[in-house]
Amino acid sequence: MTKNGEVVDLTPNEYKILYSMAKSPNSVFSRNGLIEIALGENFHGYDRAVDSHIKNLRHKIEDDTKNCKYILTVHGMGYKFGGKK
């Protein structure tokens with residue numbers, strides 16, 4: 001993945017989460033939904049780990065983490081990808 005012409009290094013889990021969300025833009029994903037879809041049944045951790053991955057992704061791909069364009073929070077529900085495929 002690139003941002004402003006520079007390669008952005010994503011961890012495997014960050015990539016899986018971003019890819020899963022980007023395949024269905026504007027669909028809302030709960031933490032547990034992202035674990036199920038992106039990380040799979042072999043994931044052994046807390047659902048809050050998704051929040052950490054989302055935070056790291058935002059720092060890597062967003063121009064302004066206070067006004068995100070790509071990874072959006074849907075309060076009380078989860079996250080959605082707001083960009084284009």
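This is a predicted model: local features need pLDDT of at least 70, side-chain atom pairs count only at pLDDT 80 or more; totals for chains, interfaces and linings use all residues.
Which residues in α1 meet which residues in α3? Residues are numbered from 1 along each chain as its sequence is written, and side-chain values use heavy atoms, with hydrogens and water left out.

Now the answer. From α1 come Asn13, Glu14, Ile17, Leu18 and Met21; from α3 come His53, Ile54, Asn56, Leu57, Lys60 and Ile61. Contact means heavy atoms within 4.5 Å.

Next, the geometry. Helix α1 covers residues 12-23 and helix α3 residues 49-61. Helices are DSSP runs (H or I, at least four residues), numbered from the N terminus. The two pack at about 80°, axes 10 Å apart. Axes are lines fitted to C-alpha atoms over the stretch in contact, and angles run from 0 to 180 degrees between N-to-C directions. That makes α1 roughly perpendicular to α3, a label for 65 to 115 degrees.

On to helix α2, residues 31-39. It packs with α1 at about 105°, with the axes 9 Å apart. So α1 and α2 are roughly perpendicular to each other. Here Asn13, Lys16, Ile17, Ser20 and Met21 in α1 meet Leu34, Ile37, Ala38 and Leu39 in α2.

Last, Arg58, in helix α3. Arg58 is buried yet has no salt bridge. Buried means under 20% relative accessible area (1.4 Å probe, protein chains only). A salt bridge needs a side-chain nitrogen of Lys or Arg within 4 Å of a carboxyl oxygen of Asp or Glu.

Notes. Angles under 35 degrees count as roughly parallel, over 145 as roughly antiparallel, 65 to 115 as roughly perpendicular and the rest as oblique. Buried means under 20% relative accessible area, exposed over 50%, partly exposed in between (1.4 Å probe, protein chains only). Lys and Arg count as positive and Asp and Glu as negative; His and the chain ends are not counted.
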